[in-house]
Amino acid sequence: MTQNLSSTTEPLVRIRGLVFCREQRVIFDGIDIDIAQGKITAIMGPSGTGKTTLLKLIGGQLLPDAGSIEVAGDNVHQLKQRPLYRLRQRMGVLFQSGALLTDLSVFENVAFPLREHHRRLPESIVRRLVLMKLEAVGLRGAVALMPNALSGGMARRVALARAMVLDPMLMLYDEPFTGQDPISMGVLMRLIHQLNDASAMTSILVSHDVNETLQIADYLYLIADGQVMAHGTPQQIAATASPWVDQFIHGKPDGPVQYHYPAPARENDFYH
Amino acid sequence: MGYIIDEKMTTSPPMLKLDHISPQHVELIISGTWSLYQPSPELDPLIQPLTAAPPAQLSVNCDALARWDTTVLAVVVALSRLCQQHNIQFETAGLPAGLKALLVMAEQGGRAATAEPKHPTPSFLHRSGLDFIDLARSTGEMMAFLGEGMLALLRLLQGRAQFSRADLWLIIQDSGADALPIVSLVSFLVGMILAYIGDQQLAQFGARIYVADLVALAMVIQMGALITAIVMAGRTGAAFAAQLGTMQVNEEIDALRTLGIAPMEYLVLPRMLALILMTPLLAIYANVLGMLGGAMVGTLVGGLNLNAYLGATQAVLAWNHIAQGLISATVYGAIIAASGCLRGLQCGRNAQAVGQATTSAVVTAIVFIVLAAAVLTILFDAVGLS
């Protein structure tokens with residue numbers, strides 16, 4: 001297979017000077033991120049740093065206050081509705097909850113994007129495509145189940161099959177490992193890795209599960225307090241001397257990140 | 001010593017006592033069993049004797065302390081603070097090891113203290129102002145949303161909308177046919193009430209036959225559409241808000257967007273279309289039932305001849321009356337669907353928010369139905385329909 005040279009140098013997603021505020025709180029304060037093509041890039045940070053918000057910004061679901069996000073050369077927030085929805089068809093998103101449509105069966109959930117976007121596709125092809133994707137996530141046997149009969153891990157795998165059914169160029173994973181037992185965690189890790197390599201996809205992985213993410217990511221961005229605190233390959237990150245990175249990667253209670261949420265003076269609460 | 005497991009194990013009552021060993025050294029004796037299950041002594045009676053002539057050192061004697069839980073910690077923490085304020089050296093050596101560890105945790109520093117936000121009770125004027133701003137904002141939102149809905153409808157007519165016909169039929173059945181019983185009941189009763197009140201007044205002038213005119217005109221021009229709309233707002237508008245709100249909570253709407261499907265076309269359009277089609281039909285039905293209710297009272301209570309009643313009804317009704325009612329019903333249908341879908345899509349990410357969205361959808365719908373009724377009456381008058 002021949003590798004396109006430009007694809008290895010030009011980032012698929014280019015974020016420049018991104019500023020985003022929610023009510024009074026600054027979530028991102030001018031961050032720059034490049035997502036390399038064909039790689040798994042992880043975006044990590046403590047809970048509440050806006051990792052999911054970043055995915056929504058990339059998908060054009062939220063408007064930034066300043067800065068730009070380009071996906072495959074298009075500025076997401078300057079696209080009109082039609083081109084934006086077309087671009088979204090080329091992006092798959094795996095939500096934390098799976099976000100399956102509750103009144104459709106597993107089969108219909110996975111078939112849903114096909115039916116909506118390719119209405120003339122013959123039923124036999126739809127069926128084959130859906131079963132193939134379900135086979136890839138190991139759930140071909142669950143094809144007739146309804147979402148409420150699935151475990152959390154299964155729902156996430158069905159959602160993964162649905163996100164891939166249109167063969168996206170970019171997959172966004174929102175906390176794929178949260179709340180999974182060790183086995184489904186391992187299954188998901190392997191799946192994400194295999195899918196990325198097999199279909200020349202680009203993946204963005206938002207997570208705070210340090211060990212799992214360090215194992216499968218090609219490149220990492222650590223975000224906190226609206227800033228990129230560090231970025232690099234897992235080896236580079238592991239070798240970073242920054243106390244913040246050290247605290248985050250090793251889960252230490254003491255360090256630049258405080259354990260206590262800001263509170264009024266203790267005198268008010270404990271003493272009278 | 002240790003935590004209390006069974007409240008029945010308590011034996012000696014908890015006690016606090018100051019022991020003045022010397023003018024410079026005071027000892028606090030903590031004794032007995034301290035538990036959340038029984039009242040523990042307050043620190044307050046000790047503050048005066050301790051601070052009147054502050055000693056240099058305060059130590060603690062826990063020799064007679066039996067079992068304890070954090071109630072004793074609350075006293076120790078307050079005491080430690082008191083000592084700090086009066087420059088008394090607080091000697092913690094006498095505390096049991098567990099209590100010492102808990103004291104350290106309780107006194108551990110957090111981040112710099114920030115002032116607590118104040119929530120003063122807003123005045124009546126303040127609240128009315130906020131409510132007015134709220135109303136103005138929802139008017140803007142509703143207008144924008146209805147406009148977006150109309151654009152989506154245009155795309156549907158051009159055959160470019162992501163639209164599920166199966167969903168449309170389901171929603172039509174759910175909001176149309178399934179609403180018949182409640183619409184029947186309410187409109188029949190309203191027709192009866194109108195006729196009854198009209199009969200009492202008109203009987204004084206011997207003009208009982210005009211009950212038929214009164215009921216027919218009131219139902220067809222305004223009441224039929226209004227009753228249907230209010231029933232639909234409570235029944236279907238609330239259901240739309242709950243459906244879309246739950247989808248919002250489950251991230252299903254986000255999922256649709258990321259799959260390249262516009263919720264406006266896929267979710268809102270069928271609902272809007274269903275209500276725009278169904279509300280006028282239900283209103284016609286409500287008109288008929290209302291007039292039947294009126295006929296029942298007119299004949300049974302008013303002693304009118306049924307044929308005379310129906311003849312009078314037929315004579316008074318004209319096409320312009322029916323048109324007014326149907327146009328109103330169509331507008332109300334669009335308002336109900338828009339407010340239900342708008343509040344559903346605006347729903348927050350938790351279960352409580354779904355409840356709020358549902359309530360808000362009904363309130364928004366009813367407010368705008370009444371506003372629209374007023375505006376439509378003026379418009380009908382202006383174009384000569386009335």
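In this predicted model, the lining of the largest pocket comprises 15 nonpolar, seven polar and nine charged residues. The volume of this pocket is about 840 Å³. A total of 31 residues line the largest pocket. Those closest to its centre are A:Gln61, A:Tyr85, B:Glu148, B:Arg257 and B:Pro263.

Helices of chains A and B contribute to this lining. From chain A, α3 (81–89) supplies at least two residues. From chain B, α4 (124–157), α8 (252–258), α9 (263–300) and α11 (319–345) each do likewise. The greatest contribution to the lining of the largest pocket is that of α4(B), with six residues.

The second largest pocket has a volume of about 660 Å³. Its lining consists of 28 residues. Closest to the centre of the second largest pocket are A:Asp103, A:Leu104, B:Asp167, B:Tyr266 and B:Arg271. Elements from chains A and B are again involved. In chain A, α4 (106–117) gives two or more residues to the lining of the second largest pocket. The most is given by α5(B), with seven residues. By class, the lining of the second largest pocket divides into eleven nonpolar, seven polar and ten charged residues.

Notes
Residues numbered from 1 in each chain as written. Chains lettered and ligands numbered in written order. Predicted model: local features only at pLDDT ≥ 70, side-chain atom pairs only at ≥ 80, totals over all residues. Heavy atoms only, no water. 1 Å grid on protein atoms, 1.4 Å probe; cavity = no way out; pocket = protein on both sides within 12 Å on 5 of 7 lines; lining within 4 Å. Points joined across faces, edges and corners; volume = space filled by probe spheres on them. Helix = DSSP H or I, 4+ residues; strand = E, 2+ residues; numbered from the N terminus. Nonpolar A, V, L, I, M, F, W, Y, C, P; charged D, E, K, R; others polar.
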